[in-house]
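Open the model in your viewer and colour it by chain. This tour says what to select at each stop.

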Amino acid sequence: MDAIAIISIFTLAVFVGFEVVSKVSSTLHTPLMSGANAIHGVILVGAIIVADHSQTNLELGLSLAAIILATINMVGGFVVTDRMLEMFKPKKDPVEKGGSK
Amino acid sequence: MSTNLYSLIGLAAGVAFILALKGLSHPKTARRGNLIGAAGATVATLSVFLYVTPPRDGSAAHSLPLNHLWLILGAIAVGLIVGVPAARKVEMTQMPQLVALFNGVGGGAAALVAIVEYLHLGSGATTAEVIFTVFTVIVGCVSFSGSIITFMKLQELMTTRPVVFPGGRFVIAGTLVAVLGSAVWVVNALGTSPLMVLAVLSLLFGVLFVLPVGGADVPIVISLLNAFTGLTVAASGYVLSSTLLIIAGTLVGASGTILTRLMAEAMGRSLFGTLFGAFTAKPQEVSGSAEERPVRSGSADDVAILLNYARRVVIVPGFGLAVAQAQHTVRELADLMISKGIDVAYGIHPVAGRMPGHMNVLLAEANVPYDQLAEMDEVNPTFGQTDVAIVIGANDVVNPAAQDPRFSKCVAFSYRKFHSHRYFIHDTHGSRSAEYQCRQSLSSDDFWNARK
């Protein structure tokens, strides 16, 4: 991929990132942080690619470690964010039985 | 799978992440947004198994399946076994620690990916690739070790106070210089050992960088490290020529930077002051005038009578509420008041809890509907019409010292307004000194100490 294309993607993504988050209410700061955290877990894709390319045991070992860490980041991040957001309910919801789980 | 299809799937996943962040900006759409993001990440991960990325050294891509397929799947299974139960079981009060930990492992993964790719490319790497690799290794390692320290601080495995040792700033500055020096060394010498030195120095710098940050400021650092990890993912996207990694990483980097700034603003602190405050901070003495104001103590029955005749009640919760596990009781009380036609709102300080927005999560866990959760700026102007304010486990946000920047760096509820309303109920589980400060803050004669 040529440098100009990469710089274009990068620059546009910076502006989108700024725009999307700049007006968020402080009510959701915690889930937002956790959700953004889960998104960078997509480094899992990169970890799988380098594991595929590995030629020595050292490379393979390090990339498998990267896969474990990235999976924890991605899956754990999305699960915990969902758990938090599940609890945010509007008014007029029928009274919940058994509390939150 | 063709290269074009693979790239388009990557683009779709990138769009899913944008929609996820967009959705997360409102409680109504947040859950769906997060699920869209999760779906995007899942599809992107699956697509890697169906497309072999050609190696950068120009050799042709091998055919499917991927090399080491079973080891890769095994590693993912290990990650799932560790990550999912941790995410399912964590107490809501421990959320900040978990986010810090997840962020740290993400940064560690990015650094490892960069190291492996560097080992693999060897002397065939272009200068630009080496520079991006060096960036990823430095920032990924700082994010990893820094996040582990923030985790330990929040989990109280170590002191939550700023750790400042004599000459600390020189040690940190020296480490930073050493990190940058070894970065130049890696770019010029292109060896494995310089890279390892760089990684170790970066890990050390991450530890030193977070140690002087005090307990209350730790969440801001988590958010900053989150943005850092995003940028490392973007940089490794360059090395691996993956558009998806560039989009996802940059989004997190940019939104994380804004979020960090919003949080720092909500706490009334400059980002610079947060990060380097411990070096310049002077001991803060609250030397308020010892003017005694009358305080009345009452029982729960007295409070019940008081609330029964109120028209509008504002509940100001703090982390003490969550520690005492009293959210459900408070919600039941609020429901009872609402059923009697009393207007009830929760006035929530932006950094109530241990992380910006944390209190909202804790109250949502107790089934408080989100439209009762009012931000500080919304609720402050309404105190004139409020009959009773109930402050629970939140001494600091109503502390008079908080309104003076010299004494406290928190933005305070404007409690001059408290003078005009009729009753102010404050639980006394807090410390004596905090109670004393609150007494001073009230000119009203009707300060009640409610004991539950």
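Select chain A and chain B together: they bury about 8,400 Å² between them, 77% of it on carbon and sulfur atoms (buried area is the accessible area, with a 1.4 Å probe, that two parts lose on being put together, summed over both). The contact takes 78 residues from chain A and 106 residues from chain B, where contact means heavy atoms within 4.5 Å. This is a predicted model, in which local features need pLDDT of at least 70 and side-chain atom pairs pLDDT 80 or more, while totals for chains, interfaces and linings use all residues. Residues are numbered from 1 along each chain as its sequence is written, chains are lettered from A in the order in which they are written, and side-chain values use heavy atoms, without hydrogens and water.

Next, select A:Asp82 and B:Arg31. Their side chains meet in a salt bridge, 2.8 Å from N to O (a side-chain nitrogen of Lys or Arg within 4 Å of a carboxyl oxygen of Asp or Glu). The count between the two chains is 1 salt bridge.

Residues making the contact include A:Leu32 and B:Val252.

Note on methods:
Helices (H or I, at least four residues) and strands (E, at least two) are DSSP runs, numbered from the N terminus.
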